[in-house]
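Dear colleague,

I am passing on the structure that we spoke about, and my notes follow below it. Please read them alongside the coordinates.

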Amino acid sequence: MPESIVTILDVAIGGLLLGGIYALIAMGMNLQYGVARVLNFSHGEFIMVAAFGTFTLYTVVGINPLLCLVIIGPVVFLIGVLLHRTLFHQLSLRAPNVDAYAATSILASFGLLFIIQNIALLGWGADYRAYSYLNFGVNIGGAVFSANKLVILGFAVGIGVGFYTFLARTHIGKGIRAAAQDPTTASLMGVNINYVLALCFGFGAAMAGLAGVLYSMRIPLNPAMGMQYTFIAIIVIVLGGLGSIPGSFIGGFMLGIIGEIVSYFDPSLSLAAYYLIFMLLLLVRPKGIFGK
Amino acid sequence: MDTARFTSKGFLVPGIINLVILIGLATLPLYGSLYNVVLITSIMMYAILTVSWVMFSGSSGYLSLATATFFGVGIYVSALLLPNTGAVLPLLVVVLIAGLGSSIVALGVGALTLRLRGIYFAVFTFGLVILVLELLNWWEHSVTGTRGRFVMLVDNDVIFYIMLVIFILSMLTTYLIRRSKFGLALQSIGENEEAAEHIGVNVTMVKVITFAISAFFMGATGAIWATKLTYIDPYVAFNVLYSFLPVLMAIFGGMGQIYGPVIGAVIFAYLQETFQTEFPYYYMLSFGVILIVAILYLPGGLVGLIQKAWRRRPGGRHADT
């Protein structure tokens, strides 16, 4: 194959591999924002903690990182549910209106960010940590990718599609969708709204946790790493539309591909490019591409 | 919403207290130690950022996280015009230019974004900090090939006095805005923007102008703060913490009264200075816990708490209903 086609393929697949993680992170955050109405700035910290948890379980206890998905996922889910039941539920009771709740919950999530980051710093130290798992090359049409990236993409797509099916097909999923559209009416129709909101916050956190477990296979870990994924998630959910789960899924892949294209020219500009797209989008179409 | 009423009877006591504090501050370099002068300079820096943040966000209800951008612009203006190799312009002129520069940035940003409501505005202003940081970083890295800049050394007392003047001006501006029709218009935007528009308030203009005025003080503070830092790079200048700390300090102190944010800033900045040196490993943790506790249990801030206690006191003034 000619060199240029290999390069394009390289960038495109690289973008998809990156996008899978972005999609998962953004879906989780969108669930927390779209249903539970919390723009959770500590989202990235759940990724970081789950990634460090996997690191410790693998290097110290010797548990397979993929097995960590079923260990860490539920733990983070429970933490998310508890956080919503205690902190965010209390905040919503105290807030006079929806706008006030939006502002106080953002600030509270910043508080969580600092707390979680500090605890991680105490537990794991400020140095970069990494481990090697499924780290061998796989050749796709002349471009070589490490196997763990492909595994990550597979799981990310599986989790995303699985969760979408859960929302679309199950009884609880229906309740969640109803609560997202109109919480008051949903509660009048017999949806236990507090339960659904806590559940959604938990699911959102769990997705961050799963993303963290997966992502720990391919990147070095550091207690300060979470924030950039929070930003990326916010960009993706604005790109895909606030509250739209499929929008976040597709938006994640779009941002991944954009990121790879920019990185191809100048890697140090990819974050700036994300923000530029994000801010232009906010000005031109704040509803996002898939927003209604 | 509390509006401070200044009757002839209620004016005297606060006036005397203000005067005493002012004289105490103005003469501090004469009797205070170097440590105290530097500490109070940094406390005033936070107080200015908080007061000017409240000037816009406290009344209009728009959660701006752009403070670090305006502060950073000020720092960079100072670094460009007051390099350690020799000042291009006099210090005071640079401070003024930095303030105006930040105002111009705020005018542009405000005109573009103030139609964004609620969460979008907060997210946009926050993104702005990171965008400027990343672009500047890239610029220094790839284009100029430099990393960081050194700023001229300025005497600590001079920094202190300039900070004090900016602080007094920011307080005075807040006071004047609150007392004016302009301030009422701003207040009405915070209460209900559509209603404000219907009664004839030019909402866009009021918002953008206030945003620019508040940015002026942030930029001017940044310029003088840069001379205290002496070394700056994009990560120092555009640190997102400068966007959050003023919000936190304002909530902590309470935004209902004009002196609430100042009290919040003074206590918090002092705690921060001591925590950072005494318990560096738990600093962020305590910061987060205080933030959450303040949001949950201090809706009116410290000032609100004091007022509540004052009203509950037998014979104390009762709450207005």
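How many residues does the contact take from chain A, and how many from chain B? Chain A gives 34 residues and chain B gives 32 residues, two residues being in contact if their C-beta atoms, placed from the backbone, lie within 7 Å.

This is a predicted model, in which local features need pLDDT of at least 70 and side-chain atom pairs count only at pLDDT 80 or more, while totals for chains, interfaces and linings use all residues. Residues are numbered from 1 along each chain as its sequence is written, and chains are lettered from A and ligands numbered from 1 in the order in which they are written.

On the side of chain A that touches chain B, two or more residues come from each of helices H3 (65–94), H4 (98–124), H9 (226–240) and H11 (270–284) of chain A, helices being DSSP runs of H or I with at least four residues, numbered from the N terminus. H4(A) supplies the largest share of that side, 16 residues.

Elsewhere in chain A, Leu153(A) lies in helix H5 (residues 147–169) and counts as buried because it has 22 C-beta neighbours inside 10 Å, the cut-off being 20 or more other C-beta atoms, placed from the backbone, within 10 Å of its own. Apart from neighbours within four places in sequence, Leu153(A) is in contact with Leu16(A), Leu17(A) and Gly20(A).

In chain B, the buried residues of H13(B) include Gly260(B), Pro261(B), Phe268(B) and Gln272(B).

Best wishes

Key
A residue is buried if 20 or more other C-beta atoms lie within 10 Å of its own, exposed if 12 or fewer, and partly exposed in between; C-beta atoms are placed from the backbone.
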